[in-house]
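Please work through the exercises below with the sequence and the model at hand. Each task is followed by a solution in steps.

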Amino acid sequence: MVVSLSATRFQALALREDLERNLELLHHLGFAGAELAIRNPADFDFNTVKSLLDRNQLSVPALGTGQAFVEEGLSLTGADPEIRRQARERLVLHLELSARLQSYVIIGLIRGVPKKEEKEQALEFLSEELGWLCEKAKALGSPGLILEPLNRYETSIINTVFEALDLIRKIGAANLGILADSFHMNIEEKNIFESIASASGSIRHIHLADSNRWPPGQGHLDFDSLFQTLKSIGYQGWVSGEYLPKPDPEQCVKLFADFLRARRIIS
Ligand code: LER
Ligand code: MN
């Protein structure tokens, strides 16, 4: 499950703020990991967070970074070089933390939301910044970065798995992969399963939400075919719940745990 360490305007987050209580809930329900959404790693004491994770036997597969854009406007493609510099600097803090926790660093909304006429330039900035960050990740001992295609209502660049693959090939860094989110894919992909299969070597992490961004099982996405596809490509990574707190924050996590348990994804 994705867990935010602080309050945020980003809505598709069932669990936020009370980290101690949220991690206990996840442990109690049988989850093996907590994906941490962190606006600024400098705001948290590593040892405190790590001891809560250890106490609840939770790994951290990935770190979310989008709140730095949503709350502060930091963007890798901002027209202002100072904004790009601050975004890069912030992501270095995420990379340092990711090296300590052995998690991927997510490139979602931190890539920014360029206007139509800025798109071409923005893709050049993104390519340059990601190339630099991938080198930095390697030097720091981080597992690397994962680029998340987001639907067209959230950003104007990298909406599909193919566009992500294309950029990754151009950058040519082995430690840059894809985070595939079922909610975004349902809006943008011609065929979710074919897209996943075509990017099999690059898919490093999965976000699960149903068609309406409620927990899996509460909409009309075909998750059994999705899991079958992941199995067929030999996917060894995590699947992480990122959805709206519906019907309410605790109930939706319980529903998701039952959904995963029925498919033997958690025990
Ligand atoms: C985040 O993982 C996500 O899916 C987006 O909608 C916002 O970054
Ligand atoms: Mn997502």
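**Exercises on a metal site and its strands**

Glu148 is buried, at a relative accessible area of 5%; buried means under 20% relative accessible area, exposed over 50% and partly exposed in between, with a 1.4 Å probe and protein chains only. The model is predicted: local features need pLDDT of at least 70, side-chain atom pairs count only at pLDDT 80 or more, and totals for chains, interfaces and linings use all residues. Residues are numbered from 1 along each chain as its sequence is written, chains are lettered from A and ligands numbered from 1 in the order in which they are written, and side-chain values use heavy atoms, with hydrogens and water left out.

**Exercise 1.** Determine which residues coordinate the manganese ion (ligand 2).

*Solution.* Step 1: Glu148 (OE), Asp181 (OD), His207 (ND1) and Glu242 (OE) coordinate the ion at 2.1 to 2.2 Å; donors are N, O and S atoms within 2.8 Å of the metal (3.2 Å for Na, K and Ca), and sites may look incomplete because water is not among the atoms. Step 2: the spacing of these donor residues in sequence is E-x32-D-x25-H-x34-E. Step 3: Glu148 lies in the loop between S6 and H6, and Glu242 in the loop between strand S9 (239–241) and helix H10 (249–262), so the pair ties together parts 94 residues apart in sequence. Step 4: Glu242 is also buried, at 8% relative accessibility.

**Exercise 2.** Identify how strand S7 (residues 176–181) pairs with S8.

*Solution.* Step 1: helices (H or I, at least four residues) and strands (E, at least two) are DSSP runs, numbered from the N terminus. Step 2: S7 and S8 (residues 203–208) pair in the parallel sense over four bridges, where pairing requires at least two DSSP bridges. Step 3: within this pair, Ile178 stands opposite Ile203.
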